[in-house]
Amino acid sequence: MADYYPPWGFYYKVEFGISKDVNDARFQSVSGLSVEYDYESFKEGGENRFEHKLPVRTKYADMVLKRGMLSDSSVIKWFLDAFRDRQFTPADINVVLMNEQGEPLRTWKIAHAIPKKWLVSDLNANESSVVIETMELTYRYFTVQ
C-alpha cells in the first residue's frame with residue numbers, strides 16, 4: 001500500500017463562466033474558500049450551566065484572486081461593467097486543483113459570484129516588479145466535487 005501525500009497547492013486554474021480565454025484562468029493566488037455556521041444561543045429557564053447553541057445559516061467568506069495584470073480580459077471587463085456601469089451580472093466560477101498530469105483532484109464550484117473590489121498594485125519606478133491586480137468577489141455558496 002502506497003503512502004498518501006497531500007496534493008500541492010500551486011497547480012490549479014480558475015474557470016469563469018463568462019470567459020473562455022486561457023489567460024483568465026491563471027492566478028497567482030486564490031483565497032476565501034471557507035464556510036462557517038452562524039449560531040443562535042438559547043437560554044433554558046432554570047438551566048444556568050450552559051446555553052443551547054443551534055446552527056442558523058452558513059456564511060461564506062469573500063473570494064480574493066491575485067494575478068499579473070492583463071491588458072485584455074473578459075473578467076476585468078466584467079468587473080468594470082459592475083463598477084463603472086453598475087451592471088452586476090452574476091457568474092459561476094470553478095476553482096480546480098489538479099495533479100501532476102493536469103487531471104482534476106478537487107473542484108470548488110462557486111455560485112452567483114459578483115465583483116466586490118478591484119485593486120491594482122502600486123506603480124513604482126524604483127522597483128522592477130510585475131503589476132498585480134487583486135479581485136475580490138462575493139458569492140452565495142460553493143459546492144465541492
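## About the model

This is a predicted model, in which local features need pLDDT of at least 70 and side-chain atom pairs count only at pLDDT 80 or more, while totals for chains, interfaces and linings use all residues. Residues are numbered from 1 along each chain as its sequence is written, and side-chain values use heavy atoms, with hydrogens and water left out.

## The nonpolar core

Let's start inside. A nonpolar core here is a set of buried Ala, Val, Leu, Ile, Met, Phe, Trp, Tyr and Cys residues joined through side-chain atoms within 4.5 Å. Buried means under 20% relative accessible area, exposed over 50%, and partly exposed in between (1.4 Å probe, protein chains only). The largest such core has 21 residues, and Val 14, Phe 16, Trp 78 and Ile 110 touch the most other members. At least two residues of this core come from each of strands S1 (12-16), S5 (63-68), S6 (91-98), S7 (104-120) and S8 (132-138), and from helix H1 (74-85). Helices (H or I, at least four residues) and strands (E, at least two) are DSSP runs, numbered from the N terminus.

Leaving aside residues up to four places away in sequence, Val 14 touches Asp 24, Ala 25, Phe 27, Val 30, Leu 65, Ile 93, Asn 94 and Val 95, where contact means heavy atoms within 4.5 Å.

## Salt bridges

The structure holds 10 salt bridges, each a side-chain nitrogen of Lys or Arg within 4 Å of a carboxyl oxygen of Asp or Glu. In helix H1, Lys 77 and Asp 81 sit four residues apart, about one turn of the helix. Their closest N and O atoms are 3.1 Å apart, and Asp 81 is buried at 13% relative accessibility. Lys 77 and Asp 81 also belong to a salt-bridge network with Arg 84 and Asp 85.

Another bridge joins Glu 136 to Lys 116 (3.8 Å, N to O). This pair links distant parts of the chain, with Glu 136 in strand S8 and Lys 116 in strand S7, 20 residues apart. Glu 136 is buried at 18%, whereas Lys 116 is partly exposed at 43%. Glu 51 and Lys 43 also meet in a salt bridge (3.8 Å, N to O); Glu 51 is partly exposed at 35% and Lys 43 is exposed at 69%.

## The largest pocketLining the largest pocket are Tyr 5, Pro 6, Pro 7, Trp 8, Phe 10, Tyr 11, Met 98, Asn 99, Glu 100 and Leu 105. (On a 1 Å grid over the protein atoms alone, a pocket is an open set of points where a 1.4 Å probe fits, with protein on both sides within 12 Å along at least five of seven lines; lining residues have an atom within 4 Å of a point.)
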